[in-house]
Amino acid sequence: MTKTVDAATMRQINKKYVTEIIYNQGPLSRIDISQITGLNKATVSSLVDDLIADDFVNEIGFGTSNGGRKPVLLQLNASAGYCIGVDIQITHMTTVLTDMSGSIIYKSIRPIDCADGGLTQTELEEILIDEMNHAAVKAPPSRHSIIGAGIALPGIVNFSTGSVFYLPNIEIRDWDICGALTKHFPFPIFIDNDGNCGAWSEYRLRQINNLVFVNVGIGVGTGIVVNGQLYRGAHGIAGEFGHMTISAMGLLCACGNYGCWEQYASEQALLRYLQEEEEEVSEALKLSPNLVSVAVARAIEKPSYKRAFQVLGQYLGIGISNIVNALNPELVVIGGTMALGAEYFLPEVQSALRNRSMASNKYVPIAIAHGDTIVSGAAQLPISNTILQSPLSAT
Ligand SMILES: [Zn+2]
């Protein structure tokens, strides 16, 4: 059955589409936008007038002429409004305030300990509210104030309903997080899996249409971008590669299965490899956000630390080989706390890729993520879900 759309709805859809083109590809002229979108010049001019009136778009000067008058260039107005982004990991919570262009203007890292139910859902909510309030008051005055907040979570979430299904290492299930937080803030709140936030952020920064982001921290999560869109799967839970089995009779995982990849390629695994090297790691450091940076510093002097990173790299490489054989991406990006140890584990990852992958997958480049990539992706969620017509939107 063909769906009919009324003129007002169509205008809204086109307006979001034009905003998205300027957001992703600006500065652009009205003619550029007409050529990219296929909309006629009069429609584009009228939509751009609306966006300028809304303060979302600025005219920033003239582009080069192809013979006629120089075209006026349009760019997203970075200070039209602000976004809050939060990245909840097991040992720490990162909160940022960004402008519309994604530039971070405030950042806080708060150590937390929510391993294995260390924090209740209510306690975690209270910390979230506190951190988000601190970020909100840092927003300079602007036309649209705070557009919204986005929260990246380490587990299975339903981004369209705003609820958590299961966060394995935090031991929280069935959490209506957006419902709980919305009562405390006047702006909309969105959530997504941390791997998806990282993948989207890296896609936007690199403009590579087929990539896999691997977030290596206490656990291992991934996000997949296929043909310039996040791949979510039939029920929105694609990318749980951290729980693919790499050892049939292997270690018990927090998810209940045995031999999951994250048991061999995460911070927990690094600690085990250090124990096997007979290195003592203090209890405080085990659950600290600084574990990897301390281990990297010690690896300069101690071969045992170097070896622990190398073993981790071998297992990281086994998992990445499986992923590239399945998806044949253009790029794999490694992020999360473990990225700090790249100089020690990356050669092992590349060696595993050469030995275990098929054909051109042997040579898929491996990059290290930009700093703050997950929390930046989280901060983009409100823009994607309110003013853009984006693959991240819930419809
Ligand atoms: Zn598992």
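Me: What is pLDDT?
Reply: The pLDDT is the predictor's confidence in each residue, on a scale from 0 to 100. This is a predicted model, in which local features need pLDDT of at least 70 and side-chain atom pairs count only at pLDDT 80 or more, while totals for chains, interfaces and linings use all residues. Residues are numbered from 1 along each chain as its sequence is written, and side-chain values use heavy atoms, leaving out hydrogens and water.

Me: Which elements have the lowest and highest mean pLDDT?
Reply: Helix α9 (residues 283-286) has the lowest, at 81, and strand β15 (residues 331-335) has the highest, at 98. Helices (H or I, at least four residues) and strands (E, at least two) are DSSP runs, numbered from the N terminus.

Me: And what is the average for the chain?
Reply: The average pLDDT is 92, and 97% of the residues score at least 70.

Me: How many helices and strands are there?
Reply: The chain has 13 helices and 16 strands.

Me: Now Leu119: where is it found?
Reply: Leu119 lies in the loop between β6 (104-111) and α4 (121-136).

Me: Is Leu119 buried or exposed?
Reply: Leu119 is buried, because its relative accessible area is 15%; buried means under 20%, exposed over 50%, and partly exposed in between (1.4 Å probe, protein chains only).

Me: Which residues does Leu119 touch?
Reply: Not counting residues up to four places away in sequence, Leu119 touches Ile112, Asp113, Cys114, Leu124, Ile127 and Ile172. A contact means heavy atoms within 4.5 Å.

Me: How much of the whole chain is buried?
Reply: Of its 395 residues, 53% count as buried.
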